[in-house]
2 protein chains.
Amino acid sequence: MFWILFIVFLAACMGAGATGAAFKPGAWYQSLDKPSWTPPDWAFPVVWTTLYIFMAVAGARASLLPDNSLAMAFWALQIALNCLWTPVFFGLHRIREGMLVLSCLWIAVAATMIALFQIDTIAGLLFVPYLIWVTTAGALNLSVWQRNPQETRNPQTPS
Amino acid sequence: MFWILFIVFLAACMGAGATGAAFKPGAWYQSLDKPSWTPPDWAFPVVWTTLYIFMAVAGARASLLPDNSLAMAFWALQIALNCLWTPVFFGLHRIREGMLVLSCLWIAVAATMIALFQIDTIAGLLFVPYLIWVTTAGALNLSVWQRNPQETRNPQTPS
């Protein structure tokens, strides 16, 4: 049963991962002024794949435990917001709205982690790298916002 | 506790709903050759809002029950795929890939409904209109695909 659940939760993560394949960074992202500590492009798919596996293991473990209601509700919320960020940032080139989505995602990931820790320490620990990465992504989104004021004053939404 | 869970599941649905606000049908959708039974534009937000409330009630009810693992895993999968469809179809104008996502969503919604019925009849019933609507949306996507061959031979992806 664990492995069936793992595959279903991983499929949900792959739905989020598909947004990254559908909306690639491209020339617009390359042209942005980014801070020196921006992770290299190759790091993003590597890190996300690892995090998706961790998230799916945590989800499958928690789903089998009693009193998992809050953990399951927040797990669903974080994957929905995870799916939303890439289309908003890379699809619409909306840095400011991307920051809003990422802030909501950060809260959802933190809430999921706390709820997981209350029922399963391993599942909670599996969300720690995710929260660190979303914090990094949030700092990067914020820095890009500050460094590219022309983009948020007059966003060039592709249409 | 039910209401907190309802709000968290509803927030996940609103994440999916936000894709509809971010990627509007616009001139491209208007220009497509659509079947006569296409629902009017105003119906989509009305139906989706109703379905989101039903989905959130079903999620909150199921999350409080024992043996909810499959229902919770599939609930998360369907909301992730729900978030994915709009950016692919209305954002990228990819009718064929939209059909693929919608097919996966249909399977996920059906699986969620079956898993819900096994633990809570009311929660299962709340997913019936959703499955009917996704079936309708799938038939519309398929019809649009067949009626607009130029769009799938040479999709004009905005970039």
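Me: Before we start, what are the ground rules here?
Reply: This is a predicted model, where local features need pLDDT of at least 70, side-chain atom pairs count only at pLDDT 80 or more, and totals for chains, interfaces and linings use all residues. Residues are numbered from 1 along each chain as its sequence is written, chains are lettered from A and ligands numbered from 1 in the order written, and side-chain values use heavy atoms, leaving out hydrogens and water.

Me: Which helix gives the largest share of the lining of the largest pocket?
Reply: A pocket is an open set of points on a 1 Å grid over the protein atoms alone, where a 1.4 Å probe fits, with protein on both sides within 12 Å along at least five of seven lines; lining residues have an atom within 4 Å of a point. The largest pocket has a volume of about 680 Å³ (the space filled by probe spheres set on the points, which are joined across faces, edges and corners), and 30 residues line it, with G20(B), F44(B), P45(B), W48(B) and T86(B) closest to its centre. Helices are DSSP runs (H or I, at least four residues) numbered from the N terminus. The largest share, 7 residues, comes from helix 1 of chain B.

Me: And which helix leads in the second largest pocket?
Reply: That pocket has a volume of about 550 Å³, and of its 26 lining residues the closest to the centre are G20(A), F44(A), W48(A), W85(A) and F90(A). The largest share of the lining, 6 residues, is from helix 7 of chain A.

Me: How many disulfides are there over all chains?
Reply: A disulfide is a pair of cysteine sulfur atoms within 2.5 Å. The sulfur of C104(A) is 13 Å from the closest cysteine sulfur, in C83(B), so that's too far for a bond. C13(B) also has its closest cysteine sulfur in C83(B), but 8.8 Å is too far as well. The count comes to 0.

Me: Is Q78(A) buried or exposed?
Reply: Q78(A) sits in helix 4 of chain A, and beyond residues up to four places away in sequence it touches M55(A), L105(A), A108(A), V109(A), T112(A), F127(A) and Y130(A). Buried means under 20% relative accessible area, exposed over 50% and partly exposed in between, with a 1.4 Å probe and protein chains only. At 0% relative accessibility, Q78(A) is buried.

Me: Where is D67(A) found, and is it buried or exposed?
Reply: D67(A) isn't a glycine, yet its phi is positive, near 60°. D67(A) is in the loop between helix 3 and helix 4 of chain A. With a relative accessible area of 70%, D67(A) is exposed.

Me: How about H93(B), buried or exposed?
Reply: H93(B) is another non-glycine residue with a positive phi near 60°, placed in the loop between helix 4 and helix 5 of chain B. Its relative accessibility is 11%, so H93(B) counts as buried.

Key
Helices (H or I, at least four residues) and strands (E, at least two) are DSSP runs, numbered from the N terminus. Contact means heavy atoms within 4.5 Å.
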